[in-house]
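Let's take a friendly walk through a protein model together. Please have a look at the sequence and the structure before reading on.

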Amino acid sequence: MKKLVLIAALLLAFHQTQAQELEVVQLYTQDELLDLIKQNIHLQRVQADDCQLVNDIQARADVMKVPAYQFLYGDMLAYGVCVRKDVERGWDLMQQAAAQGLPEALEQVGRYYHTGKFVQQDRDKAILYLREAAGLGNLNAQLRFGQMLVDGDASPVDMEQAYRWLHHTVIADEKKHAQVTQLLAQLANKMPGAVLERAKKPL
């Protein structure tokens with residue numbers, strides 16, 4: 001009898017230890033996920049969470065059509081993170097997120113069209129998506145669009161607006177700040193003085 005009690009006690013202790021070691025990962029809030037996406041660490045976070053949230057992420061992307069989760073799940077599929085790689089389906093989800101106006105999705109789709117990642121290079125489509133994302137305050141889109149203008153890959157008509165976006169952006173990251181400063185100088189060299197002054201006026 002004593003042996004049975006001892007075995008039961010040991011089994012109970014073992015299961016309690018196992019339960020303590022297995023941490024339940026909470027699904028990301030909308031703000032948390034958007035912050036992860038902005039830092040471009042969303043895929044690393046899913047992996048760090050041992051891929052426990054794949055079903056919840058898929059449900060929010062496919063059933064609830066939440067743009068941030070469409071973007072996340074699309075990226076997971078495109079790169080084969082915690083799921084079987086499916087670039088076509090991943091791309092479709094990213095485009096759905098972009099169609100709903102998610103700035104990060106607009107920027108990424110525009111970037112892929114610009115670089116020819118997953119799709120054929122298409123400058124006109126890149127400009128369309130990047131301009132939209134830039135107008136919604138996405139700094140990466142503003143930088144890429146500004147660089148396209150400097151390189152002569154976009155219409156000079158957009159130069160004033162591109163300068164305005166960058167000039168009035170508040171940036172905490174020192175590296176990005178230096179990048180913006182350099183890009184603004186390059187844009188300024190291509191702009192008439194009156195247009196430049198107009199672009200610098202408070203919003």
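Which residues line the second largest pocket? Keep that question in mind for a moment while we get our bearings.

What you see is a predicted model. Of the 203 residues in the chain, 39% are buried. If you look at contacts with a separation of 6 or more, 56% of them join residues 24 or more positions apart.

Now back to the question. The second largest pocket is lined by Leu139, Val170, Ile171, Ala172, Asp173, Lys175, Lys176 and Gln179. Helix H11 gives the most to this lining, with three residues. Sorted by class, the lining holds four nonpolar residues, one polar residue and three charged ones. The volume of this second largest pocket is about 150 Å³.

Next, try to find the largest pocket, which has about 550 Å³ of space. Its lining counts 22 residues, and those closest to the centre of the pocket are Lys38, Gln39, Asn138, Asn140 and Lys176. Which elements give two or more residues to the lining of the largest pocket? They are helix H2 (30-38), helix H7 (103-115), helix H9 (139-150) and helix H11 (174-188). By class, six nonpolar, nine polar and seven charged residues make up the lining of the largest pocket.

Let's turn to the aromatic rings. A search of the whole structure turns up six aromatic pairs. One of these pairs is phenylalanine 145 with tryptophan 165: the ring centres are 6.3 Å apart and the planes meet at 50°, so the pair is tilted. Tilted is the word here because an angle under 30 degrees would count as stacked and one over 60 as edge-to-face. Phenylalanine 145 belongs to helix H9 and tryptophan 165 to helix H10 (residues 159-167), so the pair ties together parts that are 20 residues apart in sequence. Are these two residues, phenylalanine 145 and tryptophan 165, buried or exposed? Both are buried.

There is also an aromatic cluster to look for, formed by Tyr79, Trp91, Tyr112, Tyr113, Phe118 and Tyr129.

Key
Residues are numbered from 1 along each chain as its sequence is written. This is a predicted model: local features need pLDDT of at least 70, side-chain atom pairs count only at pLDDT 80 or more; totals for chains, interfaces and linings use all residues. Side-chain values use heavy atoms; hydrogens and water are left out. On a 1 Å grid over the protein atoms alone, a cavity is a set of points where a 1.4 Å probe fits but cannot get out, and a pocket is an open set with protein on both sides within 12 Å along at least five of seven lines; lining residues have an atom within 4 Å of a point. Grid points are joined across faces, edges and corners, and a volume is the space filled by probe spheres set on the points. Helices (H or I, at least four residues) and strands (E, at least two) are DSSP runs, numbered from the N terminus. Ala, Val, Leu, Ile, Met, Phe, Trp, Tyr, Cys and Pro count as nonpolar, Asp, Glu, Lys and Arg as charged, and the others, Gly among them, as polar. Rings of Phe, Tyr and Trp (its six-membered ring) pair if their centres lie within 6.5 Å; planes under 30 degrees apart count as stacked, over 60 as edge-to-face and the rest as tilted. Buried means under 20% relative accessible area, exposed over 50%, partly exposed in between (1.4 Å probe, protein chains only). Contact means heavy atoms within 4.5 Å.
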